[in-house]
Amino acid sequence: MIILGIETSCDETAASVVSGGRKILSSIVSSQAEIHYPYGGVVPELASRKHMESIVPVVRKAMSSAGIEQQQIEAIAVTRGPGLIGSLLVGFSFAKAYAFAMNIPWVGVNHLEGHIHSIFLEPDPPPFPFISLLASGGHTGIYLVNSYTEMELMGQTRDDAAGEAFDKVAKMLGLGYPGGKIISDLAEQGNRSKICFPRAYLEKSGFDFSFSGIKTSVSRFIQNNYSEYKEMTPDIAAGFQESVVDVLSYKLLNAAALKKCEHVSVVGGVAANNRLREKVEFDGSASGIKVHIPSVALCGDNAAMIAAAGYHSIISGGMHDLNQDVFARVIEKNG
Ligand code: KG4
Ligand code: ZN
């Protein structure tokens, strides 16, 4: 089955053609970072307007790069939420209209499930059940993945998401937006042991996270060292990154031990972080756990992961009708 995936939940307009839920024929991601850069973060109204401009050219490009004609698309998968309502509506309305006009099935996909599915697009995906750490700009949580369609939330952040903490610390240090990549590049030049920021484990055996305290410690450090903190920026970045990475890796592997899973995955924008990739691989191999992390292109927001998740939803009978609507946030219970 050839599926067209569409993703417009935040500041990337993305379209992808995926065959059989596994093979990426094309994946086009048009980033709006430049538009939001002067504001230091995503401006929702600007984001939705830009999605409106980009959606048709991005979908056309996805089809031409895949070398397929409109008639060959058998179904559409589109992000339904969570995300910015105005942005989601652009992709969602486009997908509904397209599916209606072409008379093909379509399905709305949870963006978080999409990220978890990104690992199934890689050559050697983990067998079920496995534990997945999803760390992005809007969410951070640990999931027990039982099948393509059954995922149990074990714990999540009680305040900021990990990526959000990277973005906020970058802003505090005057480094610009989006902060994750800037901090991780800068951290490569710093010493991660020079400044030790606190690790927020909460209950050490639990799987909830808290990243707002680390952010406050960085802010306090800057205030207390105001005259010289600029020269210390690489060490601050490396120290901050280490405190986030330590907690993420610890909780992920603890969850694997509790559920007796030999495979784990790390997905979402923060999974592009080199130090996180290295640390989880290292800690995993020390405990005999195989770590699966998608290629960097599949960590950030993309539509291939939405098509992959949509494929499994469609083959298990989860088609949607035109009354479906988008949603801004998910209310999840820890399970
Ligand atoms: O998954 P994603 O593209 O969008 C959301 O669903 O939120 O994640 C974006 C987040 C941003 O907060 C960004 O700063 C962070 O991922 N990020 C990184 C890196 N690259 C992106 N965080 C740490 N290190 C990176 N290399
Ligand atoms: Zn995302």
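## The sheet

In strand 2, Ser19 is the bridge partner of Ile2. Strand 1 (residues 2–7) and strand 2 (residues 12–19) run antiparallel, joined by 6 bridges. Strands here are DSSP runs of E with at least two residues, and helices are runs of H or I with at least four, numbered from the N terminus. Two strands pair if DSSP finds at least two bridges between them.

Zoom out and there's an open sheet of 5 strands, in the order 3-2-1-4-5, with mixed pairing. Strand 3 (23–31) and strand 5 (106–110) are the edge strands, each pairing on one side only.

## About the model

This is a predicted model, where local features need pLDDT of at least 70, side-chain atom pairs count only at pLDDT 80 or more, and totals for chains, interfaces and linings use all residues. Residues are numbered from 1 along each chain as its sequence is written, chains are lettered from A and ligands numbered from 1 in the order in which they are written, and side-chain values use heavy atoms, with hydrogens and water left out.

## Around ligand 1

Why does ligand 1 lie between domain 1 and domain 2? Because domain 1 (2–116 + 299–315) and domain 2 (127–293) both give residues to its shell; the bounds come from an automatic or database domain assignment.

As for polar contacts (N or O pairs within 3.5 Å), an oxygen atom of ligand 1 sits 3.2 Å from an N or O atom in the His111 side chain. A backbone N or O atom of Gly163 is 3.1 Å from a ligand 1 oxygen atom.

Terms used: Polar contact = N/O pair within 3.5 Å; in protein donor to acceptor, adjacent residues only side chain to side chain.
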